[in-house]
Amino acid sequence: MAYKIIALDETGKASFNHLSPFFVLSGVVVSSDYLVRLDNSMRRLKRRYFNDEEIVFHCRDILRRKGRFSVLRDDKIDQQFWADYITNLNPSEISVAVVIADKSKAKALGWNDIAILRRSYNKILEEFTKKHLSGNHKGKIIAESDPYQDKYLLEAHNRLQTLGIPSEGITGSNYRSFVTSVSLVNKANRQKNE
């Protein structure tokens, strides 16, 4: 059976004390059938530009063009790298899910950081379920662990296991049969090279 996997990570923090004006929760959705091809193509890209297929792509590190990413200071190389990178993530087998919380608007509505996290995780899991899971596809959720945020991801998952998505005719039982695992991973799960 093919699985749809959503890999979650965030940009910025939900806290109003954090510099970022937005909290962005994003996910890459890919079929388990396509993972080997995606991994191979990304390894080729990493070897071509950085001579290291294990290098980890962190947006902040890439955009700063420092250290191992300093080769991107050359505008021609930078443009070609981004064209190749986007090409690798553009096939129909890959989808992107994004929830963006404008913290100034959230504050005006009386939300706190917990409300931002709860609503963001609820929304992304609901959309993943509605758009990608059915009788033919089961789902797996993978998130980079953040001790403060993990409980809100798990809370959203538990809520859907109990209530489902009534407006879509998805029961809690349906959701439990669709989503078979939630994995919280950290940087130690990687083999080498940060």
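**View 1. Strand β1 and its pairing partners.** In this predicted model, strand β1 is joined by 8 bridges to strand β2 (residues 22-31), and β1 and β2 run antiparallel. Strands here are DSSP runs of E with at least two residues, helices are DSSP runs of H or I with at least four residues, and both are numbered from the N terminus; two strands count as paired if DSSP finds at least two bridges between them. Strand β1 (residues 3-11) also pairs with strand β4 (residues 138-144), in the parallel sense and over 6 bridges. A7 stands opposite V28 in β2, and A7 also stands opposite I142 in β4. Residues are numbered from 1 along each chain as its sequence is written. Because the model is predicted, local features need pLDDT of at least 70 and side-chain atom pairs count only at pLDDT 80 or more, while totals for chains, interfaces and linings use all residues, and side-chain values use heavy atoms, with hydrogens and water left out.

**View 2. A nonpolar surface patch.** F22, V28, V96, V98 and I100 make a nonpolar surface patch of about 450 Å². The elements that give two or more residues to this patch are β2 and β3 (94-102), and the largest share, 3 residues, comes from β3. Patches are made of residues with over 30% relative accessible area and no salt bridge, with nonpolar side chains (Val, Leu, Ile, Met, Phe, Trp, Tyr) joined within 5 Å and like charges within 9 Å. Accessible areas come from the Shrake-Rupley method with a 1.4 Å probe, and for residues only the protein chains shown count as cover. A salt bridge is a side-chain nitrogen of Lys or Arg within 4 Å of a carboxyl oxygen of Asp or Glu. F22, which lies in strand β2, counts as partly exposed because its relative accessibility is 38%; buried means under 20% relative accessible area, exposed over 50%, and partly exposed in between.

**View 3. A positive surface patch.** R60, R64, K66 and R73 form a positive surface patch. Lys and Arg count as positive and Asp and Glu as negative, whereas His and the chain ends are not counted; the place of a charge is taken as NZ of Lys, CZ of Arg, CG of Asp or CD of Glu. R60 is found in helix α2 (residues 59-64), and R60 is exposed, with a relative accessible area of 55%.

**View 4. Loop residues with positive phi.** N51 is not a glycine, yet N51 has a positive phi of about 55 degrees. N51 is found in the loop between α1 (35-50) and α2, and N51 is exposed, at a relative accessible area of 69%.

Key:
Buried < 20%, exposed > 50% of the residue type's maximum accessible area, 1.4 Å probe, protein only.
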